[in-house]
Amino acid sequence: MAITEWKNKTIITEFILLGFETSPQFQILLFLVFLSTYIITMAGNILLVVLVVADRHLHRPMYYFLGNLSCLEIFYSSTILLRMLASLITGDKRLSVSGCIVQFYFIASLVCTECYLLSVMSYDRYIAICKPLHYAVLMQDGLCCQLASLSWVSGFLAIAIIIALMLQITFCGPNEIDSFFCDFEPLLSLSCSDIALLKIVALICSFTFSMIPFVLTLISYTYIVITVLKIPSTSGRQKAFSTCSSHLIVVILYYGTLIIVYMIPTSPSLKDMNKIFSLFYTVLTPLINPLIYSFRNKEVKESLQRLLRKYLSIVGKQRATS
Ligand SMILES: *[C@@H]1O[C@H](CO)[C@@H](O)[C@H](O)[C@H]1NC(C)=O
């Protein structure tokens, strides 16, 4: 777009996040639904982090990763849901440009981190199931820590580059974003600067942070399934498969919706469908991750029982002394 063209336009400093446009009564219903979702998400994930940190029995790589994943979900759903709840209750849909970019930064970085964490977790399961004798050596505390921190650092660094480019963009409107959070495509479509470089960098980033971990995860699980199918006894097969099946459900749900939302071109008729699918990976995955990943797991359940017993005995003692 020529410079003369955008000079005439007003430069906007505020966006309107349209969210879900419904009748006022339905807004209240939506508020209640998302509020309960947020509370359950926080409770489940915080509980899991507490268990992983506090219980010595869970001080193992697989649980460290689960703890990290729960930490991530806590930030993630706070970034999206708190803003959404506030706008549902106040009816104020405005968001400053910088606020929007900050929200995008956190969401995108956390998505990148999650993709790598999921692939690290699949690698961890691959070693545990396909190379059980080498597990202790290959997954020493050091390596596990490095892999986890690498996921976090690389995600936040990569998106920082995109943000640096984004800060140089002028937005001239219209200023309505038809989504419930600040997403990349809708944001860019409101800009009137040259965004060719930004698009290329974003493409490289999304390839490195979604396709590569996706393929790595796929390879790990393929090997796992092949190994599991070779186990002669039915009960052994079931046991090995029960942990992996829950991991697999999360991976399929997460990547499935990501692919549907971002790979399939959006026509106006599919816009509302797209919003619903975005809800899957922004709201639903953080909610059900702790449920299917962890609370189905025997050791986590035992750890929870130990915590409850400890808590009850402390309460009992306080009652006795007071
Ligand atoms: C995240 O992973 C690191 C390295 O494995 C671990 O030291 C840390 O305790 C984990 N955090 C949580 C909350 O589980």
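Cys100 and Cys182 are both buried, where buried means under 20% relative accessible area, exposed over 50% and partly exposed in between, using a 1.4 Å probe and protein chains only. These two cysteines are joined by a disulfide, with an S to S distance of 1.9 Å. Keep in mind that this is a predicted model, in which local features need pLDDT of at least 70, side-chain atom pairs count only at pLDDT 80 or more, and totals for chains, interfaces and linings use all residues. Residues are numbered from 1 along each chain as its sequence is written, and side-chain values use heavy atoms, with hydrogens and water left out.

**Disulfides**

- A disulfide is a covalent bond between the sulfur atoms of two cysteines; here the cut-off is a pair of cysteine sulfur atoms within 2.5 Å.
- By this rule there are two disulfides.
- The link of Cys100 and Cys182 is left-handed, with -110° about the S-S bond.
- Cys100 lies in helix H4 (residues 97-130) and Cys182 in the loop between E3 and helix H7 (184-188), so the pair ties together parts that are 82 residues apart in sequence. Helices (H or I, at least four residues) and strands (E, at least two) are DSSP runs, numbered from the N terminus.
- The other pair is Cys172 and Cys192, with sulfur atoms 1.7 Å apart, and both of these residues are buried.

- Cys71 is partly exposed, because its relative accessible area is 30%.

**Around the ligand**

- An oxygen atom of the ligand is 2.3 Å from an N or O atom in the side chain of Asn68.

**Thr170 and an annotated span**

- Thr170 sits in the loop between helix H6 (141-166) and strand E3 (176-177), and Thr170 counts as buried because its relative accessible area is 15%.
- An unreviewed UniProt entry places the feature "transmembrane region" at several spans, including residues 65-89; such annotations may be inferred rather than shown by experiment.
- Residues 65-89 are 100% helix and 0% strand, with end C-alpha atoms 35 Å apart.

Technical notes
Polar contact = N/O pair within 3.5 Å; in protein donor to acceptor, adjacent residues only side chain to side chain.
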